[in-house]
Amino acid sequence: MKDRELRRLIGSRAKQRRLELNLKQPYVAEKMGVTPSTIQRYEAGTIDNTKKLVLDGLSEALHVSVEWLKGETDEYETDITDKRELQIRDAVKSILDRLPFDLEGSESNFSKDLLLLMLQEYGLFMDSFQLACRNFKGDTKNSGIATTIGFESGTEYNEVMFLREITHSINAFNDIADIIRLYTKKPEAAAQRLANLLSEISGSV
């Protein structure tokens with residue numbers, strides 16, 4: 001393949017993938033340490049995008065293989081399916097990059113324990129949420145069960161059961177909010193309550 005054709009192919013596929021992820025050129029530019037206008041020219045194939053450094057940068061920013069970008073394969077395996085997943089990774093990376101926090105010992109410990117609790121609770125929430133969505137979201141297959149146990153309809157049954165599945169998470173995040181409020185008045189008591197919740201959740205997972 002001629003250099004010009006390869007540049008156009010790489011640019012076309014990079015743009016295709018960027019649009020698929022609903023990303024703007026400045027986002028890709030920031031990840032690669034270049035200007036948005038450079039990304040625009042990479043995508044247009046008007047400047048050399050065939051260099052290893054450029055291909056590796058595009059590959060990493062767009063979560064596709066260099067081989068796919070170069071047209072050596074028409075199938076790409078990726079660990080990212082949408083913009084939200086990228087935003088989640090970016091947010092987590094931003095937090096990790098800020099560790100250790102610029103706080104006193106007890107304050108730093110509290111903030112890290114709070115983060116750990118929220119992450120663990122989110123994991124439990126996802127387990128419950130997936131189960132609730134599979135079994136009780138917009139499906140009337142439970143109408144027979146609903147009638148048998150006294151519900152007026154399958155819809156009402158589904159609503160109640162869906163809420164039941166995620167009530168633990170609602171309560172847990174309310175507890176977290178209470179701990180944050182308590183910290184403003186009684187830091188030691190808040191830290192102890194946080195430690196207790198962490199101990200409980202660690203024993204359940």
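Begin by selecting D74 in this predicted model, where the residue counts as exposed, at 64% relative accessibility. Because R13 lies in helix α1 and D74 in the loop between α5 and α6 (83-97), the pair ties together parts that are 61 residues apart in sequence.

Next, stay with α1 and bring up α3, which packs against α1 at an angle of about 120°, with the axes 6 Å apart; the two helices are therefore oblique to each other. On the α1 side the contact is made by R7, R8, G11, S12, A14, K15 and R18, and on the α3 side by Y42, E43 and A44.

Now select V28, M32, L58, L62 and L69, the residues with the most contacts inside the largest nonpolar core, which has 21 residues. The largest share of this core, five residues, comes from α4. Centre the view on L62, and, leaving aside residues up to four places away in sequence, its contacts are A14, R17, R18, L21, L23 and V28. Another core, of 10 residues, lies apart from that one, and F110, A190, L197 and L198 are among its members.

Finally, select D175 and R193, whose side chains meet in a salt bridge at 3.6 Å from N to O. This pair links helix α9 (residues 154-183), which holds D175, with helix α10 (residues 187-204), which holds R193.

Notes: Residues numbered from 1 in each chain as written. Predicted model: local features only at pLDDT ≥ 70, side-chain atom pairs only at ≥ 80, totals over all residues. Heavy atoms only, no water. Core = buried A, V, L, I, M, F, W, Y, C linked by side-chain atoms within 4.5 Å. Buried < 20%, exposed > 50% of the residue type's maximum accessible area, 1.4 Å probe, protein only. Helix = DSSP H or I, 4+ residues; strand = E, 2+ residues; numbered from the N terminus. Contact = heavy atoms within 4.5 Å. Axes fitted to C-alpha atoms, helices over the stretch in contact; angles between N-to-C directions. Parallel < 35°, antiparallel > 145°, perpendicular 65-115°, else oblique. Salt bridge = Lys/Arg side-chain N within 4 Å of Asp/Glu carboxyl O.
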